[in-house]
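Subject: Structure handover and notes

Dear colleague,

Please find the structure below, together with the sequence. My notes on its helices, aromatic rings and charged side chains follow.

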Amino acid sequence: MEDIVKISLLYDFYGSLLTEKQREYFELYYFSDLSLNEIAQNYNVSRQGVFDNIHRSLEFLKQCEEKLGLVEKFLSQKKALERIKLQLEGLLPHLDEYSGEILKKAIEDLDKLVKEGWE
């Protein structure tokens with residue numbers, strides 16, 4: 001099975017490019033944990049139709065990532081910010097109290113970026 005975190009990121013970045021029906025099936029299957037049968041019953045369609053729709057949607061999201069690479073860039077930038085944060089924390093013992101407080105605030109802001117993203 002695909003890593004749900006990777007699928008979530010693909011959907012976050014490219015999900016708006018899917019049709020409304022594709023988004024509905026995709027969200028129900030991956031995020032609401034409904035089975036293919038449950039989705040098929042709710043929409044009065046075949047289980048195979050739901051499977052095909054979800055499979056095509058995931059493949060489309062992967063193709064978008066292959067072409068644009070936004071998820072990869074996002075993860076790379078997140079790792080870089082985490083490395084910078086660690087380096088800044090290493091400077092704290094060498095600073096006076098005033099400079100240390102300024103740097104602590106900057107580290108807190110950086111930590112928010114790493115945890116919450118660029119909203």
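Is Glu89 buried, partly exposed or exposed? With a relative accessible area of 30%, Glu89 is partly exposed, where buried means under 20% relative accessible area, exposed means over 50% and partly exposed lies in between, with a 1.4 Å probe and protein chains only.

Before going further, a word on conventions. This is a predicted model, in which local features need pLDDT of at least 70 and side-chain atom pairs count only at pLDDT 80 or more, whereas totals for chains, interfaces and linings use all residues. Residues are numbered from 1 along each chain as its sequence is written, and side-chain values use heavy atoms, with hydrogens and water left out.

Salt bridges

Glu89 lies in helix α5, which covers residues 70–91; helices here are DSSP runs (H or I, at least four residues), as strands are (E, at least two), numbered from the N terminus. The side chain of Glu89 meets that of Lys85 in a salt bridge, at 3.4 Å from N to O, the criterion being a side-chain nitrogen of Lys or Arg within 4 Å of a carboxyl oxygen of Asp or Glu. Because Lys85 and Glu89 are 4 residues apart in helix α5, about one helical turn separates them. An α-helix has 3.6 residues a turn, so residues three or four places apart point the same way.

Glu101 is partly exposed at 44% relative accessible area, and Lys104 is partly exposed at 40%. Asp109 is partly exposed, with a relative accessible area of 36%, as is Lys105, with 44%. Salt bridges that share partners also join Lys85, Glu89 and Asp111 into one network.

One further value for Glu89 concerns its separation from Ser35: the two are 54 residues apart in sequence and 46 Å apart in space, C-alpha to C-alpha.

Aromatic rings

A search of the whole structure finds 8 aromatic pairs, where rings of Phe, Tyr and Trp (its six-membered ring) pair if their centres lie within 6.5 Å, and where planes under 30 degrees apart count as stacked, over 60 as edge-to-face and the rest as tilted. Tyr11 and Phe26 form a stacked pair, at 5.2 Å centre to centre and with 10° between the planes. This pair links distant parts of the chain, with Tyr11 in helix α1 (residues 4–14) and Phe26 in helix α2, 15 residues apart. Tyr11 is buried at 10% relative accessibility, and Phe26 is buried at 0%. Together with Tyr29, Tyr30 and Phe31, these two residues form one aromatic cluster.

Phe31, which lies in helix α2, is partly exposed with a relative accessible area of 37%.

Helices α1 and α2

The buried residues of α1 are Ile7, Leu9, Leu10, Tyr11 and Tyr14, and what covers them includes α2, α4 (47–68) and α5, contact meaning heavy atoms within 4.5 Å.

In helix α2, residues 20–31, there is also Gln22, which is buried with a relative accessible area of 16%. The side chain of Gln22 reaches the backbone nitrogen of Thr19 at 2.8 Å, a polar contact being a pair of N or O atoms within 3.5 Å; within protein, one must be able to donate a hydrogen and the other to accept it, and residues adjacent in sequence count only if both atoms are side-chain atoms. Not counting residues up to four places away in sequence, Gln22 touches Asn53 and Ser57.
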